[in-house]
Amino acid sequence: YSIAQKVQLLIRWDYFKPDSQIGLDNKLIILGSNFWPTEVVKFQINYLINPDDSKFEHHQLLIISQLAF
């Protein structure tokens, strides 16, 4: 969802079930934001929550920056 021309918010449910491994399902709730301060720079902040183990100490915060040239 775009809240401004250079800012997006997202909520995503991610699920992956590999064919070869039984019981290794991967589920995530992802809350994030994308921000473009210029045409060649992008920042992303993602907060990951595993709904099967939602203890705060197991949450993850990802901060990503990209530079296009």
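Select strand β4, residues 41–49, together with β5. Eight bridges join the two strands in this predicted model. They run antiparallel.

**The whole sheet**

Now colour the strands. Five of them form an open sheet. Reading across, the order is β1-β2-β3-β4-β5, and the pairing is antiparallel. Strands of a sheet pair through backbone hydrogen bonds, either parallel or antiparallel. Go to the edges: β1 is one, and β5, residues 60–67, is the other. Each has a single partner strand, so one side of each is left without a neighbour in the sheet. Turn the view to follow the twist, which averages 20 degrees from one strand to the next.

**The salt bridges**

Next, show the charged side chains. Side chains of opposite charge can pair when their charged atoms come close. How many salt bridges does a search of the whole structure find? It finds two.

Start with lysine 27 and aspartate 52. Their closest N and O atoms are 3.8 Å apart. This pair links distant parts of the chain. Lysine 27 sits in strand β3, residues 26–35. Aspartate 52 belongs to the loop between β4 and β5. The two residues are 25 apart in the chain. Lysine 27 has a relative accessible area of 23%, so it counts as partly exposed. Aspartate 52, at 57%, is exposed, because the cut-off for that class is over 50%.

Move to aspartate 14 and arginine 12. They form a salt bridge too, with 3.6 Å between the closest N and O atoms. Is aspartate 14 buried or partly exposed? It is partly exposed, with a relative accessible area of 30%. Arginine 12 also counts as partly exposed, at 43% relative accessibility.

**The nonpolar patch**

Last stop: select Tyr1, Ile3 and Leu9. Tyrosine 1 has a relative accessibility of 73%, so it counts as exposed. From here, step along to β1 itself, which stands at an edge of the sheet.

Terms used
Residues numbered from 1 in each chain as written. Predicted model: local features only at pLDDT ≥ 70, side-chain atom pairs only at ≥ 80, totals over all residues. Heavy atoms only, no water. Patch = residues over 30% accessible without salt bridge, like charges linked within 9 Å, V, L, I, M, F, W, Y side chains within 5 Å. Areas by Shrake-Rupley, 256 points an atom, 1.4 Å probe, with all protein chains shown as cover. Salt bridge = Lys/Arg side-chain N within 4 Å of Asp/Glu carboxyl O. Buried < 20%, exposed > 50% of the residue type's maximum accessible area, 1.4 Å probe, protein only. Pairing = 2+ DSSP bridges. Helix = DSSP H or I, 4+ residues; strand = E, 2+ residues; numbered from the N terminus. Axes fitted to C-alpha atoms, helices over the stretch in contact; angles between N-to-C directions.
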